[in-house]
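Reader: I'm new to reading structures. Could you take one part and go through it closely with me?

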Amino acid sequence: MQSTPHPARRWRALPAVLVIAVFAMLLGAAPSQAGAPAAAPAARFVATQVPDSPVGRQLGWFIEASARLPIGATELHAHFTRAFLASPGGSPKEVNDALREAIDAGGVTLLGLTLAQPDRLIAILTGRGGLELALVFATNRAGLIEFASLQPVAAQASVTLPRPSGPRTVGTDIVALVDHARRGRRLILTRWYPAATKATNRPLATYAGPLLSSALGLPSVRVHARLGAMSRRGRLPTVLFSPGFGTPRVIYQALAEDLASHGYLVVAVDHTGEAPVELPGGRLDLPGAPPRHPIAAATATRLADMRLVLRRLHTIAGGPRADRRRVAAIGHSLGGSTAAALMRAEPSIRAGVDMDGSIFSAARKHGVPHAFLVMLGGRKADATIRGLLSHSRGPRLALQFAGFEHLSFSDLPVVAPAGPDVGKTPSARDIVVQRSYLRAFLDRYVLGRRSPLLDGPSRRFPQVRFAYRAGRR
């Protein structure tokens, strides 16, 4: 099994990339023809010149230095934070290897900026063969670069997420929470829920905001949820979702929309400081320098985040109402470990799901008190998952999905089918399969409904193998 991708990877020598954490895996997700970058209206730019600001001066240096690769170690240390260059994949050699793959000998040319703030920017550059690249820079108080991402601008035609399989129209909204007990820590949530009516008078939601789309090189993605639609009345069974490390909540919308179409309230959380987050008002929050022990720090922070969200479910003004007696916690990669940790801390959580992630919390040694599902990307469970399964008390199930990779448990089989680590045969059917088993498990252990799909192998989904089963069902 593939465990959580290394959290501190900053630069990676894949086609045309310089990127942080899990988004190294998105590279190549938006194939463009060399020499024929997608035409884009000039209106997308907020500026077409290098700004006179700390981050602007770093952009000016990068444009000049890109024409004289390799950049020496001393020079790199003069422009990047020590933590950035000390992280895996961030050595001077690895930085230069990545840049050589992305940039012609003549260097890059600035087309314009889609974000321009004193400490962060998104620049559109021309790279190798005229390919358009999105460069994201964020600087610290000393003016050194502490976050950087360079990847192709999405140029493919727009795509549409698979249609939800349930009978209800899906509504969605975005909520900001502030935790005053943790120095005003800010969390951004998306809620998906069953709408009260067809809600056809409400506009379709956007997959991601324009700044986040630019920063991540996302294509245009059509969703099915209606923005701000009135929620179905009554308290709704609720699913709390935690994404993978360094991964924003937006790339799991196919799962969320489907659950909402069957009557669930789904609340997905961005763990601020791990991945780029677009805040209300148009500010892009970018990760800073990673801590010395990033997984341990993230594990503690994520648990506090999810407990805050659980406490605030009834205090969020307007929108859907959660049923605190029927709550499940699920997550992808490190988010799966977060779900297990939340179950141990909050015994009211009825069920948990780990989508292809190792377990880093105490749950690996002490288990969880209620039903738990592990969805594996075609690999065997590692020691941490085996520990969780053997020490847990409720019904436990581990399923292996043949042909899946780590990021198959996301929207990427549809949104970025050409990207690495999305499966050898990218297909929307990958999403159909995981939707079916996820909902069957939640229906059984949150709603108390019989789910024949959990009884054993299915002719409909022969690629799914029952790798572990224990406890009363």
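Reader: Which side chain meets Arg 185 in a salt bridge?

Author: Asp 305 does. This is a predicted model. In it, the two side chains come to 2.8 Å, N to O. Now look at burial. Arg 185 is buried, and Asp 305 is buried too. Asp 179 and Arg 182 join Arg 185 and Asp 305 in one network, built from salt bridges that share partners.

Asp 97 and Arg 100 form a salt bridge at 3.3 Å, N to O. Both belong to helix α4 (residues 92–102). They are three residues apart there, which means about one helical turn separates them. Asp 97 is partly exposed, at 26% relative accessible area. Arg 100 is partly exposed as well, at 38%.

Then take Asp 119 and Arg 120. Their side chains meet in a salt bridge at 3.0 Å, N to O. Asp 119 has 21% relative accessibility and counts as partly exposed. Arg 120 has 9% and is buried, because the cut-off for buried is under 20%.

Finally, the total. The count of salt bridges comes to 20. Among them are Arg 185 with Asp 305, Asp 97 with Arg 100, and Asp 119 with Arg 120.

How values were computed
Residues are numbered from 1 along each chain as its sequence is written. This is a predicted model: local features need pLDDT of at least 70, side-chain atom pairs count only at pLDDT 80 or more; totals for chains, interfaces and linings use all residues. Side-chain values use heavy atoms; hydrogens and water are left out. A salt bridge is a side-chain nitrogen of Lys or Arg within 4 Å of a carboxyl oxygen of Asp or Glu. Helices (H or I, at least four residues) and strands (E, at least two) are DSSP runs, numbered from the N terminus. Buried means under 20% relative accessible area, exposed over 50%, partly exposed in between (1.4 Å probe, protein chains only).
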